[in-house]
Amino acid sequence: MRERLVALRILIGTYALVYTLARFPEIVAVTRLPESQFHPRVGIAFFWVDPFFVIAIAGTTCVLLVMFILGWRYRDISGLTALGLTFTFSYRSAWGQIFHTENLLVLHIFALAAAPAADREDTGKDYASWVKLLAALTVLTYVGVLPADVDRVPASAAGGGAFLPLLPVEKLLQRKLRL
Amino acid sequence: VKKLLALAVVALPLIRDPRVDDFPLSTYPMFAEPRPTTLAMDYALGVTASGARRMLSPQLAGTGEVLQAYALFDDAVRGPREGLQRLCTESAARVAADDDYRDVVAIRIVTGRHDAVDYLVRGTIGTEVERIRCQVLR
(Lines give C-alpha, C1' and ligand atoms only; values in the text may rest on other atoms or scores of the structure.)
Protein backbone atom coordinates (compact mmCIF):
# COMPACT_ATOMS: atom_id res chain seq x y z
CA MET A 1 0.00 0.00 0.00
CA ARG A 2 3.00 2.32 0.47
CA GLU A 3 3.59 2.13 -3.29
CA ARG A 4 0.01 3.23 -3.98
CA LEU A 5 0.34 6.24 -1.72
CA VAL A 6 3.66 7.15 -3.37
CA ALA A 7 2.08 6.73 -6.82
CA LEU A 8 -0.81 9.00 -5.80
CA ARG A 9 1.67 11.61 -4.59
CA ILE A 10 3.45 11.54 -7.94
CA LEU A 11 0.25 11.56 -10.00
CA ILE A 12 -1.58 14.26 -8.02
CA GLY A 13 1.59 16.32 -7.65
CA THR A 14 2.21 16.15 -11.41
CA TYR A 15 -1.38 17.14 -12.12
CA ALA A 16 -1.04 20.08 -9.70
CA LEU A 17 2.20 21.20 -11.36
CA VAL A 18 0.83 20.96 -14.92
CA TYR A 19 -2.40 22.68 -13.87
CA THR A 20 -0.56 25.52 -12.12
CA LEU A 21 1.79 26.04 -15.06
CA ALA A 22 -1.14 26.04 -17.48
CA ARG A 23 -2.92 28.67 -15.33
CA PHE A 24 0.21 30.77 -14.81
CA PRO A 25 -0.60 33.34 -17.54
CA GLU A 26 -4.05 33.77 -16.01
CA ILE A 27 -2.58 34.17 -12.51
CA VAL A 28 -0.29 36.90 -13.90
CA ALA A 29 -3.29 38.50 -15.66
CA VAL A 30 -5.35 38.84 -12.47
CA THR A 31 -2.48 40.53 -10.64
CA ARG A 32 -2.79 43.34 -13.22
CA LEU A 33 -6.46 43.97 -12.48
CA PRO A 34 -7.30 47.10 -10.47
CA GLU A 35 -7.04 46.56 -6.72
CA SER A 36 -10.62 47.84 -6.35
CA GLN A 37 -11.85 44.64 -8.01
CA PHE A 38 -10.17 42.41 -5.43
CA HIS A 39 -12.56 40.46 -3.18
CA PRO A 40 -10.72 39.73 0.07
CA ARG A 41 -11.25 36.76 2.39
CA VAL A 42 -11.49 34.06 -0.26
CA GLY A 43 -9.65 31.08 1.15
CA ILE A 44 -6.39 32.46 2.54
CA ALA A 45 -6.29 35.51 0.27
CA PHE A 46 -7.17 37.85 3.11
CA PHE A 47 -5.90 41.03 1.51
CA TRP A 48 -4.54 42.39 -1.75
CA VAL A 49 -0.89 41.51 -2.30
CA ASP A 50 1.61 43.22 -4.57
CA PRO A 51 1.70 41.42 -7.96
CA PHE A 52 5.41 40.72 -7.61
CA PHE A 53 4.84 38.63 -4.48
CA VAL A 54 1.85 36.79 -5.94
CA ILE A 55 3.86 35.78 -8.99
CA ALA A 56 6.86 34.93 -6.80
CA ILE A 57 4.72 32.70 -4.56
CA ALA A 58 3.15 30.98 -7.58
CA GLY A 59 6.59 30.41 -9.12
CA THR A 60 8.00 29.12 -5.84
CA THR A 61 4.99 26.80 -5.53
CA CYS A 62 5.84 25.29 -8.92
CA VAL A 63 9.42 24.65 -7.77
CA LEU A 64 8.10 23.13 -4.53
CA LEU A 65 5.73 20.95 -6.54
CA VAL A 66 8.69 19.54 -8.48
CA MET A 67 10.32 18.64 -5.13
CA PHE A 68 6.95 17.28 -3.95
CA ILE A 69 6.72 14.99 -6.99
CA LEU A 70 10.31 13.81 -6.54
CA GLY A 71 9.76 13.30 -2.80
CA TRP A 72 12.90 15.31 -2.09
CA ARG A 73 13.01 16.78 1.47
CA TYR A 74 9.33 15.91 1.59
CA ARG A 75 8.78 16.56 5.28
CA ASP A 76 10.26 20.03 4.95
CA ILE A 77 8.48 21.17 1.83
CA SER A 78 5.14 19.35 1.62
CA GLY A 79 3.29 21.69 4.01
CA LEU A 80 4.75 24.76 2.29
CA THR A 81 3.71 23.34 -1.07
CA ALA A 82 0.13 22.94 0.11
CA LEU A 83 0.10 26.46 1.55
CA GLY A 84 1.64 27.94 -1.60
CA LEU A 85 -0.91 26.20 -3.78
CA THR A 86 -3.78 27.28 -1.52
CA PHE A 87 -2.62 30.90 -1.57
CA THR A 88 -2.07 30.91 -5.33
CA PHE A 89 -5.52 29.57 -6.12
CA SER A 90 -7.22 31.55 -3.33
CA TYR A 91 -5.77 34.70 -4.87
CA ARG A 92 -6.85 33.66 -8.35
CA SER A 93 -10.38 33.10 -7.02
CA ALA A 94 -10.46 36.43 -5.16
CA TRP A 95 -11.61 38.50 -8.13
CA GLY A 96 -15.31 37.74 -8.02
CA GLN A 97 -15.27 34.19 -9.35
CA ILE A 98 -14.36 31.16 -7.26
CA PHE A 99 -12.90 28.38 -9.37
CA HIS A 100 -14.38 25.26 -7.79
CA THR A 101 -12.36 23.00 -10.06
CA GLU A 102 -9.38 23.72 -7.82
CA ASN A 103 -10.99 22.73 -4.50
CA LEU A 104 -10.27 19.03 -4.59
CA LEU A 105 -6.77 19.50 -5.96
CA VAL A 106 -5.82 21.71 -3.01
CA LEU A 107 -7.46 19.35 -0.50
CA HIS A 108 -5.62 16.36 -1.93
CA ILE A 109 -2.28 18.14 -1.82
CA PHE A 110 -2.97 19.05 1.82
CA ALA A 111 -3.82 15.44 2.68
CA LEU A 112 -0.73 14.16 0.89
CA ALA A 113 1.38 16.77 2.66
CA ALA A 114 0.35 15.29 6.00
CA ALA A 115 0.82 11.70 4.81
CA PRO A 116 4.00 9.59 4.75
CA ALA A 117 3.76 9.71 0.97
CA ALA A 118 7.50 9.83 0.28
CA ASP A 119 8.69 6.90 2.37
CA ARG A 120 11.43 5.02 0.49
CA GLU A 121 10.58 1.80 2.25
CA ASP A 122 7.71 0.34 4.23
CA THR A 123 8.08 1.45 7.84
CA GLY A 124 4.91 -0.26 9.03
CA LYS A 125 2.77 2.88 8.97
CA ASP A 126 -0.90 2.72 8.10
CA TYR A 127 -0.49 3.77 4.45
CA ALA A 128 -3.86 2.31 3.45
CA SER A 129 -5.78 4.72 5.64
CA TRP A 130 -4.17 7.69 3.85
CA VAL A 131 -5.22 6.31 0.49
CA LYS A 132 -8.73 5.87 1.89
CA LEU A 133 -8.63 9.44 3.17
CA LEU A 134 -7.93 10.72 -0.35
CA ALA A 135 -10.87 8.71 -1.65
CA ALA A 136 -13.11 9.92 1.19
CA LEU A 137 -12.16 13.54 0.50
CA THR A 138 -13.16 13.08 -3.14
CA VAL A 139 -16.56 11.70 -2.17
CA LEU A 140 -17.18 14.16 0.65
CA THR A 141 -16.31 17.17 -1.49
CA TYR A 142 -19.00 16.31 -3.97
CA VAL A 143 -21.52 14.97 -1.47
CA GLY A 144 -21.31 18.50 -0.10
CA VAL A 145 -23.14 19.60 -3.24
CA LEU A 146 -26.28 17.71 -2.29
CA PRO A 147 -27.55 19.74 0.66
CA ALA A 148 -26.73 23.01 -1.10
CA ASP A 149 -30.38 23.35 -1.89
CA VAL A 150 -31.42 26.85 -0.97
CA ASP A 151 -35.09 26.36 -1.79
CA ARG A 152 -35.38 23.77 0.93
CA VAL A 153 -33.48 25.65 3.58
CA PRO A 154 -35.82 27.05 6.21
CA ALA A 155 -35.34 30.79 6.67
CA SER A 156 -34.39 30.18 10.29
CA ALA A 157 -31.50 28.00 9.18
CA ALA A 158 -30.19 30.31 6.50
CA GLY A 159 -27.55 31.69 8.83
CA GLY A 160 -25.83 28.33 8.99
CA GLY A 161 -28.07 26.16 11.09
CA ALA A 162 -28.25 22.39 11.19
CA PHE A 163 -30.76 21.98 8.37
CA LEU A 164 -29.22 18.81 7.02
CA PRO A 165 -31.47 16.40 8.97
CA LEU A 166 -34.49 18.08 7.36
CA LEU A 167 -33.37 17.12 3.89
CA PRO A 168 -33.87 13.48 2.94
CA VAL A 169 -30.93 12.51 0.79
CA GLU A 170 -32.96 10.55 -1.74
CA LYS A 171 -35.15 13.56 -2.45
CA LEU A 172 -32.11 15.74 -2.85
CA LEU A 173 -30.65 13.22 -5.26
CA GLN A 174 -33.85 13.21 -7.28
CA ARG A 175 -33.79 16.96 -7.42
CA LYS A 176 -30.13 17.11 -8.46
CA LEU A 177 -30.67 14.58 -11.20
CA ARG A 178 -33.38 16.77 -12.68
CA LEU A 179 -31.04 19.77 -12.94
CA VAL B 1 -6.87 11.92 14.48
CA LYS B 2 -5.39 13.90 11.57
CA LYS B 3 -7.55 12.00 9.11
CA LEU B 4 -10.76 12.42 11.08
CA LEU B 5 -9.98 16.11 11.47
CA ALA B 6 -9.44 16.43 7.71
CA LEU B 7 -12.80 14.77 7.01
CA ALA B 8 -14.56 16.94 9.58
CA VAL B 9 -13.10 20.10 8.08
CA VAL B 10 -14.11 19.10 4.55
CA ALA B 11 -17.63 18.31 5.83
CA LEU B 12 -18.01 21.78 7.37
CA PRO B 13 -19.85 23.24 4.34
CA LEU B 14 -22.70 20.81 5.12
CA ILE B 15 -23.64 22.93 8.13
CA ARG B 16 -22.78 26.30 6.65
CA ASP B 17 -25.18 28.73 4.99
CA PRO B 18 -25.36 27.28 1.48
CA ARG B 19 -25.33 30.76 -0.03
CA VAL B 20 -21.89 31.56 1.37
CA ASP B 21 -19.18 30.19 -0.87
CA ASP B 22 -15.47 29.90 -0.09
CA PHE B 23 -12.30 28.22 -1.24
CA PRO B 24 -11.33 25.40 -1.03
CA LEU B 25 -14.29 24.40 1.14
CA SER B 26 -17.31 25.21 -0.97
CA THR B 27 -21.06 24.90 -0.56
CA TYR B 28 -21.34 24.87 -4.39
CA PRO B 29 -24.09 27.51 -4.40
CA MET B 30 -24.30 27.40 -8.20
CA PHE B 31 -26.10 24.07 -7.85
CA ALA B 32 -28.37 25.34 -5.11
CA GLU B 33 -31.16 26.95 -7.07
CA PRO B 34 -33.27 25.99 -10.04
CA ARG B 35 -31.90 27.49 -13.23
CA PRO B 36 -34.32 29.68 -15.16
CA THR B 37 -33.71 29.86 -18.90
CA THR B 38 -33.71 33.67 -18.73
CA LEU B 39 -30.26 35.04 -18.07
CA ALA B 40 -29.39 38.64 -17.18
CA MET B 41 -25.71 39.56 -17.30
CA ASP B 42 -23.34 42.43 -17.98
CA TYR B 43 -20.83 42.23 -20.82
CA ALA B 44 -19.03 44.26 -23.43
CA LEU B 45 -19.85 44.48 -27.11
CA GLY B 46 -17.84 45.92 -29.95
CA VAL B 47 -19.52 48.28 -32.40
CA THR B 48 -18.28 48.60 -35.99
CA ALA B 49 -18.38 51.77 -38.13
CA SER B 50 -21.57 50.49 -39.75
CA GLY B 51 -23.18 49.97 -36.34
CA ALA B 52 -22.97 46.17 -36.36
CA ARG B 53 -22.35 44.41 -33.04
CA ARG B 54 -19.29 42.24 -32.49
CA MET B 55 -18.76 39.84 -29.63
CA LEU B 56 -15.51 40.39 -27.74
CA SER B 57 -13.28 37.78 -26.10
CA PRO B 58 -12.76 37.85 -22.30
CA GLN B 59 -9.06 38.64 -22.83
CA LEU B 60 -10.11 42.13 -23.83
CA ALA B 61 -11.44 42.66 -20.30
CA GLY B 62 -8.07 41.67 -18.86
CA THR B 63 -8.65 38.00 -18.14
CA GLY B 64 -8.67 34.81 -20.16
CA GLU B 65 -11.38 33.27 -17.99
CA VAL B 66 -14.98 33.69 -19.14
CA LEU B 67 -16.42 33.51 -15.63
CA GLN B 68 -13.88 35.93 -14.27
CA ALA B 69 -14.75 38.39 -17.04
CA TYR B 70 -18.40 37.94 -16.09
CA ALA B 71 -17.55 38.86 -12.48
CA LEU B 72 -15.49 41.88 -13.59
CA PHE B 73 -18.36 43.34 -15.62
CA ASP B 74 -20.86 42.55 -12.89
CA ASP B 75 -18.73 44.35 -10.29
CA ALA B 76 -18.08 47.30 -12.57
CA VAL B 77 -21.76 47.85 -13.45
CA ARG B 78 -22.81 47.67 -9.81
CA GLY B 79 -19.84 49.64 -8.46
CA PRO B 80 -18.81 53.30 -8.76
CA ARG B 81 -19.09 54.91 -12.20
CA GLU B 82 -15.33 55.46 -12.46
CA GLY B 83 -14.71 51.71 -12.21
CA LEU B 84 -17.06 51.11 -15.13
CA GLN B 85 -15.42 53.93 -17.10
CA ARG B 86 -11.97 52.46 -16.44
CA LEU B 87 -13.03 48.95 -17.49
CA CYS B 88 -14.51 50.37 -20.71
CA THR B 89 -11.42 52.47 -21.48
CA GLU B 90 -9.02 49.59 -20.75
CA SER B 91 -11.06 47.19 -22.87
CA ALA B 92 -11.09 49.74 -25.70
CA ALA B 93 -7.30 50.08 -25.47
CA ARG B 94 -6.89 46.31 -25.79
CA VAL B 95 -9.27 46.26 -28.75
CA ALA B 96 -7.23 49.03 -30.39
CA ALA B 97 -4.09 46.91 -30.05
CA ASP B 98 -5.70 43.75 -31.46
CA ASP B 99 -5.75 43.37 -35.27
CA ASP B 100 -8.62 40.89 -35.05
CA TYR B 101 -10.84 43.76 -33.95
CA ARG B 102 -9.63 46.42 -36.38
CA ASP B 103 -13.22 47.05 -37.53
CA VAL B 104 -14.40 47.87 -34.00
CA VAL B 105 -14.72 51.61 -33.41
CA ALA B 106 -16.46 51.67 -30.02
CA ILE B 107 -17.15 49.54 -26.97
CA ARG B 108 -20.52 49.28 -25.28
CA ILE B 109 -20.91 47.73 -21.85
CA VAL B 110 -24.47 46.52 -21.60
CA THR B 111 -26.79 44.59 -19.33
CA GLY B 112 -28.36 41.94 -21.52
CA ARG B 113 -31.41 39.87 -20.75
CA HIS B 114 -31.73 36.79 -22.91
CA ASP B 115 -33.60 33.53 -22.99
CA ALA B 116 -30.73 31.04 -23.13
CA VAL B 117 -32.56 28.61 -25.43
CA ASP B 118 -33.73 31.33 -27.82
CA TYR B 119 -30.28 32.89 -27.87
CA LEU B 120 -28.23 29.74 -28.34
CA VAL B 121 -30.59 27.66 -30.46
CA ARG B 122 -32.53 30.25 -32.47
CA GLY B 123 -30.04 33.13 -32.41
CA THR B 124 -32.67 35.47 -30.96
CA ILE B 125 -31.10 38.36 -29.08
CA GLY B 126 -33.01 39.63 -26.06
CA THR B 127 -32.92 43.15 -24.65
CA GLU B 128 -29.67 45.04 -24.03
CA VAL B 129 -29.48 48.19 -21.89
CA GLU B 130 -26.36 50.27 -22.49
CA ARG B 131 -24.43 51.19 -19.31
CA ILE B 132 -21.53 53.01 -20.90
CA ARG B 133 -19.95 53.52 -24.31
CA CYS B 134 -16.38 54.50 -25.13
CA GLN B 135 -14.49 55.06 -28.35
CA VAL B 136 -11.65 52.84 -29.55
CA LEU B 137 -8.77 55.26 -30.11
CA ARG B 138 -6.12 54.19 -32.62
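## Second largest pocket

About 560 Å³ of space lies in the second largest pocket of this predicted model. A pocket is an open set of points, on a 1 Å grid over the protein atoms alone, with protein on both sides within 12 Å along at least five of seven lines, and lining residues have an atom within 4 Å of a point. Grid points are joined across faces, edges and corners, and a volume is the space filled by probe spheres set on the points. Of the 23 lining residues, M41(B), D42(B), Y43(B), M55(B) and V66(B) are the closest to the centre of the second largest pocket.

Two or more lining residues come from each of β1, β2 (53-55), α2 and α4 (116-122) of chain B. Helices (H or I, at least four residues) and strands (E, at least two) are DSSP runs, numbered from the N terminus. By class, the lining of the second largest pocket has 17 nonpolar, three polar and three charged residues. Here Ala, Val, Leu, Ile, Met, Phe, Trp, Tyr, Cys and Pro count as nonpolar, Asp, Glu, Lys and Arg as charged, and the others, Gly among them, as polar.

## Basis of the model

The model is predicted: local features need pLDDT of at least 70 and side-chain atom pairs count only at pLDDT 80 or more, whereas totals for chains, interfaces and linings use all residues. Residues are numbered from 1 along each chain as its sequence is written, chains are lettered from A and ligands numbered from 1 in the order in which they are written, and side-chain values use heavy atoms, with hydrogens and water left out.

## Largest pocket

The largest pocket holds about 880 Å³ of space. It is lined by 28 residues, of which Q97(A), M30(B), R35(B), L67(B) and Y70(B) are the closest to its centre. The elements that contribute two or more residues are α1 (2-31) of chain A together with β1 (38-48) and α2 (66-78) of chain B. The greatest contribution, five residues, comes from α2(B). The lining of the largest pocket divides into 13 nonpolar, seven polar and eight charged residues.

## Cavities

There are two cavities of 30 Å³ or more, a cavity being a set of points where a 1.4 Å probe fits but cannot get out. The largest cavity has a volume of about 70 Å³. Among its 12 lining residues, the closest to the centre are L140(A), T141(A), V10(B), P13(B) and S26(B). At least two lining residues are supplied by each of α5 (127-143) of chain A and α1 (2-11) of chain B. Nine residues of this lining are nonpolar, three are polar and none is charged.

## Sheet of chain B

In chain B, four strands form an open antiparallel sheet in the order β2-β1-β3-β4; strands pair if DSSP finds at least two bridges between them. Because β2 and β4 (127-135) of chain B stand at the edges with a single partner strand each, one side of each is left without a neighbour in the sheet. The twist averages 35° from one strand to the next. Eight bridges join β3 (residues 104-115) of chain B to β4(B), and T111(B) has V129(B) as its bridge partner in β4(B).

Helix α2(B) packs on the sheet, touching β1, β3 and β4 of chain B, and its direction makes about 90° with that of β1(B). Axes are lines fitted to C-alpha atoms, for helices over the stretch in contact, and angles run from 0 to 180 degrees between N-to-C directions; contact means heavy atoms within 4.5 Å.
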